[in-house]
Amino acid sequence: MEEKIDLSRVYGPSDDVVVREIEGEIVIVPLTSGIGDLEDELFTLNETGRDIWSRIDGSRPLGAVIEDLAKDYDAPDGLVRRDVVGILQELLERRMIVERD
Amino acid sequence: MSAISYVRKVVAGEAGLWKSSKPILARLDIELTDRCNNNCLHCSVNLPAGDVEARASEWTAARWKTLLDEAAGLGCLVVRLTGGEPLLRADFEEIYLHARRLGLRVMLFTNATLVTPRLARVLRDVPPLEAVEVSVYGLTEKSCEAVTRARGSFAACRRGLGLLGENGVAFTVKGAVLPPTRGEADGLEAWAASLPGRTGSTSFATLFDLRSRHGDGKSALIAGLRMGGDEFVDFSRRRGEGAVDEWRDFCGRSGGARGDRLFTCLPAGASAAVDPYGRLQHCLGLRHPDAVYDLAAGSLREAVTGFLPRLRGTRASDPAYRERCGRCFLKGLCEQCPAKSWAEHGTLDTPVEYFCGIAHAQAVAAGLLDRGEKAWTVRDGSKRAKGRIGSWRKRSI
């Protein structure tokens, strides 16, 4: 099911997962039921995913996150937006990220 | 920036999780208590559920929680909670939830007799991320309670399994081959396969440890319950020759003899164990005084980075070990290790005849040895084993 991404909204990590940084890897461990498909699954993020994840911290709107990333990466806004929306879509579907009030 | 797939699913423990360095500690095994509400014939651990002295000496939930914090800080991903019967502890839920909130996966070993509706709901809502491992000691009330020597344990176990199943908590069933349950293996497997929530295949405990940790004379009883080599082979063959083929292949792939090395079971840093009183060990079975680190007087980090590596570097001094185990090419089959040596002899490096006999029976069945031949007398035994990987089996005589 596709989630609607709103750049003016604030998103942050869900309380349904525990996020750990171990030996340079971000490891997302499901806490409550229904996050993973199997009982022994964990999740890691690729390099881009890690950087995006660290900025989706529930403190500012998604649009501001994208602007910062575009500056840091010296990349076109459109490309950054595509990546951020892509990862957010995936994390929202997995209930690892939630929309904050 | 460019990304197509951002989130990668990994099976926990997958080596590919770590790109460069691995965590200092991958898994921590915790015996929350030696006490158990069963009194199984073959158990090397259990003390009575009401043992006041044991209970008073056990670490509190607060201490376990601090240790779990330390373990998570060292990168630990998995904690095994076992006993005795860990659910005897009134604070089990508190310890369990603390581990899960730290992002640890929990392997729970239990006899399921103390699973309550509340605990089943907790395990449903905050799943352990590992199938609960349930020891089931018989297909019938008579056989089960002949093993557990606890009236009502059969019904209680089934009630607990039912609660796990109703709540969608994944579990595996483990049996034990003992005189009262001989001949029940096929039936237990079929019954377990029919249970809602059951996952994986049913395994069976067959080669029991002696009870050196308590020194109460029960070891003689346990020794009398153990299978001999041929019986073990026959049991393993009950589903065909697959197990024997695996032994042959495994032996061929397990490298050369041990030499004077004692610890050959795990890579350094992979895991550690802690007894109910806060003493860290290389594994749950090894309580030799020279192989125990008191966490109350140190730290988990020091134990894992200093004490255990030093311990794992220990070399054998027993001439019999060096002559036999040190030259034996059946390393991949034999259960000889410091924990077994300690359980049988109180030492770290004495050959254990029982496990030696089992490994030799396996090797005969796998066509790696002739009956009566001793593996340590075989020149180029590793080459023999490697040469027979995937080969047609030689029938035992």
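1. The sulfur of B:C251 lies 7.7 Å from the closest cysteine sulfur, that of B:C328, which is too far for a bond, given that a disulfide is defined as a pair of cysteine sulfur atoms within 2.5 Å. B:C251 is buried at 2% relative accessibility, where buried stands for under 20% relative accessible area, exposed for over 50%, and partly exposed for what falls in between, with a 1.4 Å probe and protein chains only. Over all chains the structure holds zero disulfides; B:C76, for one, is in no disulfide, and the nearest cysteine sulfur, in B:C283, is 16 Å away. B:C76 also counts as buried, at 0% relative accessibility.

2. A word on the basis of these values: this is a predicted model, in which local features need pLDDT of at least 70 and side-chain atom pairs count only at pLDDT 80 or more, whereas totals for chains, interfaces and linings use all residues. Residues are numbered from 1 along each chain as its sequence is written, chains are lettered from A and ligands numbered from 1 in the order in which they are written, and side-chain values use heavy atoms, with hydrogens and water left out.

3. B:R213 is buried at 19% relative accessible area, and B:E31 is buried at 2%.

4. A second salt bridge joins the side chains of B:E344 and B:R226, at 2.9 Å from N to O. This pair, too, links distant parts of the chain, with B:E344 in helix α13 (residues 338-345) of chain B and B:R226 in the loop between α8 and α9 (229-236) of chain B, 118 residues apart. B:R226 is buried, its relative accessible area being 11%.

5. B:K340 and B:E335 form a further salt bridge, their closest N and O atoms lying 3.5 Å apart. Here B:K340 counts as buried at 13% relative accessibility, whereas B:E335 is partly exposed at 32%. Elsewhere, salt bridges that share partners connect B:E31, B:D34, B:R213 and B:R287 in one network.

6. In chain A, helix α3 (residues 77-93) has 17 residues and should span 24 Å at 1.5 Å a residue, and this agrees with the 24 Å between its end C-alpha atoms; the expected span is 1.5 Å times one less than the number of residues. The buried residues of α3(A) are A:V80, A:D83, A:V84, A:I87, A:L88, A:Q89, A:E90, A:L91 and A:L92. An α-helix has 3.6 residues a turn, so residues three or four places apart point the same way. A:R95, which follows α3(A), has a positive phi, near 65°.

Notes
A salt bridge is a side-chain nitrogen of Lys or Arg within 4 Å of a carboxyl oxygen of Asp or Glu. Helices (H or I, at least four residues) and strands (E, at least two) are DSSP runs, numbered from the N terminus.
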